[in-house]
Amino acid sequence: MYYAVSHLTIYKYSAPVTDSVMELRVQPRTDDIQRCVRFNLDVRPKATSSMHRDYLGNIIHNFDVPSAHERLALKAESVVEIGIVPEVPDSMDESAWEALDAATASDRDLYDMLLPGQFTKSTALLEQFAKEIDWRRRGDPLSLVRELTAAIYNAFDYESHVTRVDSPIDVALAARGGVCQDFTHIMLTLTRQLGIPSRYVSGYLFHRDDRSDEDASHAWVECWLPGLGWIGLDPTNNLIVGDRHIRVTVAQDYATAAPSKGVFKGGAETELEVRVMVAKLDTVPVEESTLAPDMILPQFGYATESQQQQQQ
């Protein structure tokens with residue numbers, strides 16, 4: 001199964017800025033069941049990007065725009081192949097708790113995914129929610145994380161204007177509403193409390209009748225369980241992750257998984273626009289073809305000399 005992903009990001013500054021330095025996590029991963037067949041990144045004003053992989057295998061692109069500019073546009077286009085996703089059973093043996101503890105005690109990479117991140121620290125409101133859903137070790141770990149996925153889906157409304165990109169989990173917990181990033185952070189904090197290694201996944205979703213925003217990137221949870229490895233759970237849509245989820249980044253939380261972030265010199269205010277399109281493909285398009293002709297990359301250039309002087 002093939003998907004075309006187009007991701008357009010536009011930064012608008014209230015005054016010319018200089019020395020923008022950007023870090024992007026927008027290239028889909030290639031792993032056991034997913035393959036990034038094609039990827040292209042365009043930047044305006046034009047800039048040359050470099051690429052490296054971090055220790056988790058995420059692909060990170062970096063670039064800078066040193067001259068003055070009032071707009072910055074990024075367009076990432078990908079073709080991704082998703083293979084057959086292994087079926088996740090309904091439950092596992094209760095002895096899996098012992099195997100889980102043994103694995104996290106001996107594997108540093110798993111242990112790291114038990115540690116709290118910037119957005120995944122326990123709070124009084126989280127503990128209150130945990131009591132409401134009787135969150136403790138019981139039964140088997142797989143049944144329990146399935147139950148938690150459904151509990152978050154049922155307890156929280158999907159509302160796009162309740163939280164911001166940097167909101168702590170208490171904002172969503174107090175409002176009982178938020179977006180995929182918030183629900184993922186809440187679930188991560190709870191699963192790690194019980195010794196279940198869990199990580200934040202940033203990516204895309206090919207939508208059907210899902211409640212998450214179709215015109216945006218998506219986030220969900222992966223939990224490591226003995227005999228199964230990493231399994232994906234989507235608390236926003238109450239789903240076991242399957243062949244409609246496209247993985248880009250795995251991380252401790254959003255702080256190290258943001259699709260784009262950066263810095264610049266100047267005192268300008270920033271306005272951000274994002275568009276995402278995910279389409280199912282019958283065949284792989286030719287290399288030169290545009291995946292989303294309606295998603296046009298603005299041809300932003302550098303600020304003129306007169307504009308630069310006005311800011312001095």
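I started where the two domains meet: between domain 1 and domain 2 I get 2 residue pairs in polar contact, both at pLDDT 80 or more. For me a polar contact is a pair of N or O atoms within 3.5 Å; within protein, one must be able to donate a hydrogen and the other to accept it, and residues adjacent in sequence count only if both atoms are side-chain atoms.

Helices (H or I, at least four residues) and strands (E, at least two) are DSSP runs, numbered from the N terminus.

A note on the source: this is a predicted model, where local features need pLDDT of at least 70 and side-chain atom pairs count only at pLDDT 80 or more, while totals for chains, interfaces and linings use all residues. Residues are numbered from 1 along each chain as its sequence is written, and side-chain values use heavy atoms, with hydrogens and water left out.

Then I checked the domain bounds, which come from an automatic or database domain assignment. Domain 1 is 2-82 + 259-281, and domain 2 is 95-242. Their centres, taken over C-alpha atoms, are 26 Å apart.

How much area do domain 1 and domain 2 bury between them? I get about 970 Å², with 58% of it on carbon and sulfur atoms. Buried area here is the accessible area (1.4 Å probe) that two parts lose on being put together, summed over both. Val276, Val278 and Lys280 supply 40% of what domain 1 buries against domain 2, more than any other three residues.

I looked for salt bridges across this interface too (a side-chain nitrogen of Lys or Arg within 4 Å of a carboxyl oxygen of Asp or Glu), and the rule finds 0.

Arg44 and Pro45 are joined by a cis peptide bond, with omega about 0 degrees. Pro45 sits in the loop between strand E2 (34-44) and strand E3 (50-53). Asp134 is not a glycine, yet has a positive phi of about 55 degrees. I found Asp134 in the loop between helix H3 (124-132) and helix H4 (141-155).
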